[in-house]
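This report describes selected elements of one structure and the contacts between them. Please read it with the sequence and the model in view.

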Amino acid sequence: MTAPIAVAAGAPFAKLLSVASFVPSRVVDNAEMCTWIDSSDEWIQQRTGIAERRWVGEGEDVETMALAAARTAIERSGVPAAEIGAVIVATVSYFHQTPSMAAKLAHQLGTNGAAYDISAACAGFCYGLAQAEALVRTGAARYALVIGVEELSRFTDIHDRGTAFLFADGAGAAVVGPSETNGIGPVVWGSDGGQAEAITQTSEWNEAVSTGERPYLTMDGRSVFKWASGFITEATKNVLDVAGLAPADLDVFIPHQANNRITDAMLRHLKLPEHVVVARTIKQFGNNSAASVPMAMDALLSSGEARSGQTALLIGFGAGLVYAGQVVTLP
Ligand SMILES: CC(C)(COP(=O)(O)OP(=O)(O)OC[C@H]1O[C@@H](n2cnc3c(N)ncnc32)[C@H](O)[C@@H]1OP(=O)(O)O)[C@@H](O)C(=O)NCCC(=O)NCCS
């Protein structure tokens with residue numbers, strides 16, 4: 001008889017134990033932005049809601065930001081770093097092909113757990129959270145650390161009128177662990193590679209060697225806007241449905257901080273009750289891609305606009321095109 005293969009013993013449920021962020025020091029306001037592009041503070045604020053954005057300053061980069069957010073998240077969780085069995089880094093702006101940033105960070109943080117990077121652009125944190133939840137429930141890891149980090153200022157052409165004002169830097173991190181009650185709802189996620197060109201890079205990195213021209217992000221703003229305000233709004237309704245909740249059960253809505261007009265369009269269709277707090281951190285932070293959801297979550301909790309134990313809907317969406325969302329209990 002074939003010997004049965006043992007099954008890992010997982011936790012009944014998983015939840016967020018902590019969240020933290022790192023906001024880089026350099027403030028780039030719209031006046032400074034308009035020294036590089038033909039635009040105005042009024043146009044940028046009206047079209048995106050962005051008044052200023054954060055870029056890395058002296059001594060800050062994608063790795064230092066990730067490490068800082070991760071350290072605070074681990075400290076807040078109370079979990080010894082050595083017990084973190086998986087470190088997942090979501091980013092599109094770590095330009096070192098191999099090894100992964102996650103493996104280096106895991107070592108610096110004091111764990112030898114599984115470590116890997118994922119590329120899911122602005123949906124990256126929600127992708128990572130879905131994986132962390134599954135790892136904890138299946139027993140593949142007792143605790144998992146998810147980091148969303150971007151240094152998009154290095155990946156943005158400051159002279160491109162279509163993108164320069166939008167993208168920014170920052171990091172957010174969260175620790176996921178076992179729970180007796182459910183704190184992370186089923187993920188709704190997917191992709192549409194048919195729209196791969198909607199947000200892409202101008203060339204491949206290896207071409208930079210021969211041309212001397214580095215790649216930058218490029219975007220078909222109108223297509224992205226249409227997809228996000230239409231298809232993603234429907235996906236957001238699904239996130240609530242699969243969690244078995246009604247709009248009235250929500251306390252907080254944390255959409256990816258892509259653009260305030262996209263958030264407005266979503267809200268018009270979602271018809272969330274008045275009491276629901278909506279994240280609008282794009283005003284000060286800009287669009288931080290994979291870092292935007294955890295940065296917004298931490299900002300709302302730190303300011304007291306949201307509280308631990310409240311129910312929040314997260315939705316991330318971006319280049320791929322890809323998206324992912326889930327309902328969570330705030331840590
Ligand atoms: C990027 C975005 C703000 C551009 O706005 P838009 O209205 O689509 O801009 P268009 O390119 O169609 O141009 C409309 C007008 O604004 C002008 N314009 C474009 N960029 C400008 C800028 N940076 N400053 C001032 N004017 C600008 C154009 O010249 C055009 O003027 P015209 O009507 O006189 O010809 C918008 O498409 C958008 O919000 N898209 C979603 C992008 C997003 O959120 N991406 C993140 C996903 S993760």
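The sections below cover the basis of the model, its strands and its helix contacts.

## Basis of the description

The model is predicted; local features require pLDDT of at least 70, side-chain atom pairs count only at pLDDT 80 or more, and totals for chains, interfaces and linings use all residues. Residues are numbered from 1 along each chain as its sequence is written, and side-chain values use heavy atoms, with hydrogens and water left out.

Helices (H or I, at least four residues) and strands (E, at least two) are DSSP runs numbered from the N terminus.

## Strand 4 and its partners

Strand 4, residues 84–90, is mostly covered, with six of its seven residues buried. Here buried means under 20% relative accessible area, exposed means over 50%, and partly exposed lies in between (1.4 Å probe, protein chains only). Strand 4 runs parallel to strand 6 (residues 143–151), to which six bridges join it; within strand 6, G148 stands opposite A90. Strand 4 also pairs in the parallel sense with strand 5 (residues 114–118), over five bridges, and D117 of strand 5 is opposite V89. Two strands are taken to pair if DSSP finds at least two bridges between them.

T91 is located in the loop between strand 4 and helix 4. The residue is buried, its relative accessible area being 9%. Leaving aside residues up to four places away in sequence, T91 touches V62, M101, I118, S119, V149, E150 and A290. Contact means heavy atoms within 4.5 Å.

## Helix 3 against helix 4

Helix 3 (residues 62–77) and helix 4 (residues 101–109) have axes that come within 10 Å and cross at roughly 50 degrees. This makes helix 3 oblique to helix 4. Axes are lines fitted to C-alpha atoms, for helices over the stretch in contact, and angles run from 0 to 180 degrees between N-to-C directions. Angles under 35 degrees count as roughly parallel, over 145 as roughly antiparallel, 65 to 115 as roughly perpendicular, and the rest as oblique.

The crossing of helix 3 and helix 4 is right-handed. A crossing is right-handed if the near helix is turned clockwise from the far one by less than a right angle, and left-handed if anticlockwise. Helix 3 contributes V62, E63, A66, L67, A70, R71 and I74 to the contact, and helix 4 contributes M101, K104, L105, Q108 and L109. By class, eight of these residues are nonpolar, one is polar and three are charged. Ala, Val, Leu, Ile, Met, Phe, Trp, Tyr, Cys and Pro count as nonpolar, Asp, Glu, Lys and Arg as charged, and the others, Gly among them, as polar.

An open sheet with mixed pairing is formed by five strands in the order 8-14-13-11-12. Strand 8 (188–191) and strand 12 (277–278) each have a single partner strand and stand at the edges, so one side of each has no neighbour in the sheet. Strand 8 pairs with strand 14 in the antiparallel sense over four bridges, and V188 is opposite G325 of strand 14. Helix 5 (residues 124–138) lies across strand 8, strand 13 and strand 14, at about 60 degrees to strand 14.

In strand 13, eight of eight residues are buried. Strand 13 runs parallel to strand 11 (residues 252–255) with four bridges, and antiparallel to strand 14 with eight. I315 stands opposite P255 of strand 11 and opposite G325 of strand 14. Three residues separate strand 13 from strand 14 in a hairpin, where G320 in the turn has a positive phi of about 155 degrees.

Helix 7 (residues 221–229) has V224, W227, A228 and S229 buried. Among the elements covering these residues are strand 9 (199–201), strand 10 (217–219), helix 8 (231–242) and helix 9 (260–270).

The axes of helix 7 and helix 9 come within 9 Å and cross at roughly 30 degrees; the two helices are therefore roughly parallel to each other. Their crossing is right-handed. F225, A228 and S229 of helix 7 meet R261, I262, A265, M266 and H269 of helix 9. The residues of this contact comprise five nonpolar, two polar and one charged.
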